[in-house]
Amino acid sequence: MARIHSHNNFFVFTAALIVLLLCSAVVSSLPEGSHHRLLQAVLILSQLVAYFSLNLSRQWRRFVLIMLLGMLLANGLREFSDGAMASLSSLFVYMLFLLGMIWAGARQALLATGIEANTIVGAVAVYLLLGLLWTTLYLLTLEVWPQAFHGIDYRNWNDNFGQLAYFSFITMTTVGYGDISPGIPITRVLAYLQAIVGTFYMAVVVAGLIGALGRREP
């Protein structure tokens, strides 16, 4: 097996994120039921990939292990409780973990001194993480306010993960098909903030790439 290092780590990590998004689409397409464990398993797998592929410091690995333990405890609580608190705890822990991954990924990809294929893929990975962060925020609001969105019925958050990931990314790219729309003020605020962040992120990445390429010219 090839060793994961600073020149290929984002290829591995981005592949794990794409698998997560594909898995969430499959779960959302199936009837509501116990297959939510599949999504939970892929979420945990993505955490393990992040453990080995992002920041390799001791503090990072300690952080990932704490987040992984939190996810396992929250998922275990959900198995024995149908209360909203169990779902909110699971989503909150995952949101914290996404923030940590964005921080670690941005430091390596966006602050890199040189440009190579791995850093470009890393910028894509951070973009995917931002979309997943807003997906989690939308899921949290849906747990608190079941009428938070038009076009989405309240269900177990695992079953709605794929739909809200879809809404998150089309909002961040400012496509906005209109089949799903914010239904309350808090989700409207989250949606336009995401559109602003997505547009600003792309501008920063493109400017950074142009600047780095300019510095490389003789």
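Helices α1 and α6 are oblique to each other, on a scale where angles under 35 degrees count as roughly parallel, over 145 as roughly antiparallel, 65 to 115 as roughly perpendicular and the rest as oblique. The structure is a predicted model, in which local features need pLDDT of at least 70 and side-chain atom pairs count only at pLDDT 80 or more, while totals for chains, interfaces and linings use all residues. Residues are numbered from 1 along each chain as its sequence is written, and side-chain values use heavy atoms, with hydrogens and water left out.

**Overall make-up**

- The protein has seven helices and two strands; helices (H or I, at least four residues) and strands (E, at least two) are DSSP runs, numbered from the N terminus.
- Read from the N terminus, the order of elements is α-α-α-α-α-β-α-β-α.
- Of the 218 residues in the protein, 48% are buried. Buried means under 20% relative accessible area, exposed means over 50%, and partly exposed lies in between (1.4 Å probe, protein chains only).

- Helix α1 covers residues 9–29 and helix α6 covers residues 157–172; the two pack at an angle of about 125 degrees, with their axes 7 Å apart. Axes are lines fitted to C-alpha atoms, for helices over the stretch in contact, and angles run from 0 to 180 degrees between N-to-C directions.
- The crossing of α1 past α6 is left-handed. A crossing is left-handed if the near helix is turned anticlockwise from the far one by less than a right angle, and right-handed if clockwise.
- Between α1 and α5 the packing angle is about 30 degrees and the axes are 8 Å apart. These two helices are therefore roughly parallel to each other.
- α1 also passes α5 in a left-handed crossing.
- The pair α5 and α6 packs at an angle of about 125 degrees, with axes 8 Å apart. That makes α5 oblique to α6.
- α5 and α6 cross in a right-handed sense.

**Residues of α5**

- Thr141 is part of helix α5, which spans residues 117–144. With a relative accessibility of 7%, Thr141 counts as buried.
- Thr141 and Ile186 are 45 residues apart in sequence, and their C-alpha atoms are 7.9 Å apart in space.
- Glu143 is also found in helix α5. Its relative accessibility is 10%, so Glu143 counts as buried.
- From Glu143 to Trp157 the separation is 14 residues along the chain and 7.7 Å between C-alpha atoms.

**Residues of α7**

- Gly198 sits in helix α7. Gly198 is buried, with a relative accessible area of 2%.
- The C-alpha atoms of Gly198 and Tyr127 are 7.9 Å apart, and the two residues are 71 residues apart in sequence.
- Tyr201 is likewise placed in helix α7. Tyr201 counts as buried at 8% relative accessibility.
- Tyr201 and Leu130 are 71 residues apart along the chain, with 9.6 Å between their C-alpha atoms.

**Surface patch**

- Val189, Tyr192, Leu193 and Ile196 make a nonpolar surface patch of about 360 Å². Patches are made of residues with over 30% relative accessible area and no salt bridge; like charges are joined within 9 Å, and nonpolar side chains (Val, Leu, Ile, Met, Phe, Trp, Tyr) within 5 Å.
- A salt bridge is a side-chain nitrogen of Lys or Arg within 4 Å of a carboxyl oxygen of Asp or Glu.
- Accessible areas come from the Shrake-Rupley method with a 1.4 Å probe; for residues, only the protein chains shown count as cover.
- Tyr192, one of the patch residues, lies in helix α7, residues 185–216. At 46% relative accessibility, Tyr192 counts as partly exposed.

**Backbone at Thr174**

- Thr174 lies in the loop between α6 and β2 (181–182).
- Thr174 is not a glycine, yet its phi is positive, at about 60 degrees. Most residues other than glycine have a negative phi.
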